2 protein chains.
Amino acid sequence: MTDHSEAESDYGQLAESVRRLIDVTIRTEAGATSVAAATANVDYAVERLSEVLMPGSFGVRPTVDGQPVASGNVLIGIRNPVAPPLTVHRNADGAVWTEVTLGAAYEGPPGHAHGGVCAMILDHVLGATAHQPGRPAYTGTLTLRYVRGTPLGPVRVEARVDRIDGVKTFAKGRIADNRGTTVEAEGVFITPVRAPQ
Amino acid sequence: MTDHSEAESDYGQLAESVRRLIDVTIRTEAGATSVAAATANVDYAVERLSEVLMPGSFGVRPTVDGQPVASGNVLIGIRNPVAPPLTVHRNADGAVWTEVTLGAAYEGPPGHAHGGVCAMILDHVLGATAHQPGRPAYTGTLTLRYVRGTPLGPVRVEARVDRIDGVKTFAKGRIADNRGTTVEAEGVFITPVRAPQ
């Protein structure tokens with residue numbers, strides 16, 4: 001058996017390098033020679049990594065200790081360079097929160113996070129109030145109220161369960177910077193009933 | 001004066017290579033030697049591109065012909081590898097639409113787009129009904145109803161103005177695959193009143 005966790009750590013380190021690459025691809029003002037050299041190096045990396053590719057997408061895979069892991073997830077996946085990645089913390093009372101620094105890759109209005117990025121992150125964090133290991137919850141509805149622009153930089157995202165009604169978890173949350181709330185959200189998340197065994 | 005459009009084309013080609021790199025970073029099953037070689041090449045590309053970096057983020061910059069361009073935008077920016085990038089088309093009646101193929105980088109539930117990705121794209125496309133060149137509209141509220149999961153693959157996203165009330169544009173839209181609607185959305189977008197000259 002190969003050392004799965006060691007391989008995952010290599011892949012995670014690669015993803016971390018690609019995150020830096022995304023940032024400088026947007027922000028570079030280097031000249032044509034440097035850009036051409038960088039592009040050639042990226043293309044070579046693509047070639048090496050393509051030697052063996054899984055079909056489709058990453059999905060959810062079991063780790064060596066049997067826990068499901070979503071390493072390709074667009075928000076929490078350590079192998080997905082698009083993901084910050086978020087680390088969602090859970091308090092004893094069931095409230096969840098994360099802190100993340102939004103960089104140039106998430107820009108909409110100049111100097112600000114795209115409203116859609118705020119929606120994407122809130123969907124995930126509100127949903128996390130209903131997620132259980134191996135038993136994900138799916139978004140039913142999500143409503144967002146934009147209080148003001150969310151400047152790029154560090155933000156805190158938090159959510160809590162408002163009430164539970166059968167398979168529906170009603171959650172509320174917000175994004176805030178150091179001046180207070182920028183976006184408020186409410187959502188209903190559905191936990192599918194398990195099929196009888 | 002340097003040939004700005006030629007430089008932008010080099011940067012766009014680089015971003016296209018980085019998009020392929022993101023995909024294979026998630027999907028690779030190559031061995032440790034190949035992953036290490038790829039990581040070294042990515043790090044070298046980062047170094048070359050970092051020779052000259054703009055501070056902060058890309059923002060909105062004028063092109064040679066004076067049109068504002070948001071090349072760093074997380075949804076439409078040709079220099080942003082996180083962006084598909086979307087090309088939003090506008091019909092004569094003001095309705096807007098785009099077609100995009102969602103790959104492994106946008107995954108949430110296995111084989112499906114993350115609900116937050118659907119929210120992000122709908123925010124942008126609904127907002128596009130209210131955007132005017134050089135005069136962006138900002139999201140006031142956005143409500144999403146998830147009808148069923150959105151499989152990774154090609155989708156069509158469309159939106160239209162429902163009504164306009166002063167600075168507020170009320171828009172409706174949806175994401176659909178070849179089997180029909182997966183997510184419906186309604187939003188209110190605010191066009192700030194210009195300050196008196």
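This is a predicted model: local features need pLDDT of at least 70, side-chain atom pairs count only at pLDDT 80 or more; totals for chains, interfaces and linings use all residues.

Tutor: Of the contacts in chain A with a separation of 6 or more, 58% join residues 24 or more positions apart. Chain A holds three helices and eight strands. Their order along the sequence is α-α-β-β-β-β-α-β-β-β-β. The C-alpha atoms fill a box of roughly 60 × 50 × 25 Å along the principal axes. Of the 197 residues in chain A, 47% are buried.

Now the helix pairs. Take helix α3 first, residues 115-128 in chain A and in chain B. The two α3 helices pack at an angle of about 155 degrees, and their axes lie 7 Å apart. Angles over 145 degrees count as roughly antiparallel, so α3(A) and α3(B) are roughly antiparallel to each other. The crossing of α3(A) over α3(B) is right-handed. On the α3(A) side, the contact is made by G115(A), G116(A), V117(A), A119(A), M120(A), I121(A), D123(A) and H124(A). On the α3(B) side, the contributors are G115(B), G116(B), V117(B), A119(B), M120(B), I121(B), D123(B) and H124(B). By class, this contact has eight nonpolar, six polar and two charged residues.

Consider α3(B) by itself. Its 14 residues reach 20 Å from first C-alpha to last, close to the 20 Å expected at 1.5 Å a residue. The helix α3(B) is mostly covered, with 14 of its 14 residues buried.

Next comes helix α2, residues 32-49 in chain A and in chain B. Helices α2(A) and α2(B) pack at about 165 degrees, with axes 8 Å apart. They are therefore roughly antiparallel to each other. Here α2(A) passes α2(B) in a left-handed crossing. From α2(A), the contact uses S34(A), A37(A), A38(A), N41(A), V42(A), Y44(A), A45(A), R48(A) and L49(A). From α2(B), it uses S34(B), A37(B), A38(B), N41(B), V42(B), Y44(B), A45(B), R48(B) and L49(B). The classes are 12 nonpolar, four polar and two charged residues.

An α-helix has 3.6 residues a turn, so residues three or four places apart point the same way.

Finally, α2(B) by itself. At 1.5 Å a residue, its 18 residues should span 26 Å, and the end C-alpha atoms are 26 Å apart, which agrees. Its buried residues are V35(B), A38(B), T39(B), N41(B), V42(B), A45(B), V46(B), R48(B) and L49(B).

Notes: Residues are numbered from 1 along each chain as its sequence is written. Chains are lettered from A and ligands numbered from 1 in the order in which they are written. Axes are lines fitted to C-alpha atoms, for helices over the stretch in contact, and angles run from 0 to 180 degrees between N-to-C directions. Helices (H or I, at least four residues) and strands (E, at least two) are DSSP runs, numbered from the N terminus. Angles under 35 degrees count as roughly parallel, over 145 as roughly antiparallel, 65 to 115 as roughly perpendicular and the rest as oblique. A crossing is left-handed if the near helix is turned anticlockwise from the far one by less than a right angle, and right-handed if clockwise. Two residues are in contact if their C-beta atoms, placed from the backbone, lie within 7 Å. Ala, Val, Leu, Ile, Met, Phe, Trp, Tyr, Cys and Pro count as nonpolar, Asp, Glu, Lys and Arg as charged, and the others, Gly among them, as polar. The expected span of a helix is 1.5 Å times one less than its number of residues. A residue is buried if 20 or more other C-beta atoms lie within 10 Å of its own, exposed if 12 or fewer, and partly exposed in between; C-beta atoms are placed from the backbone.
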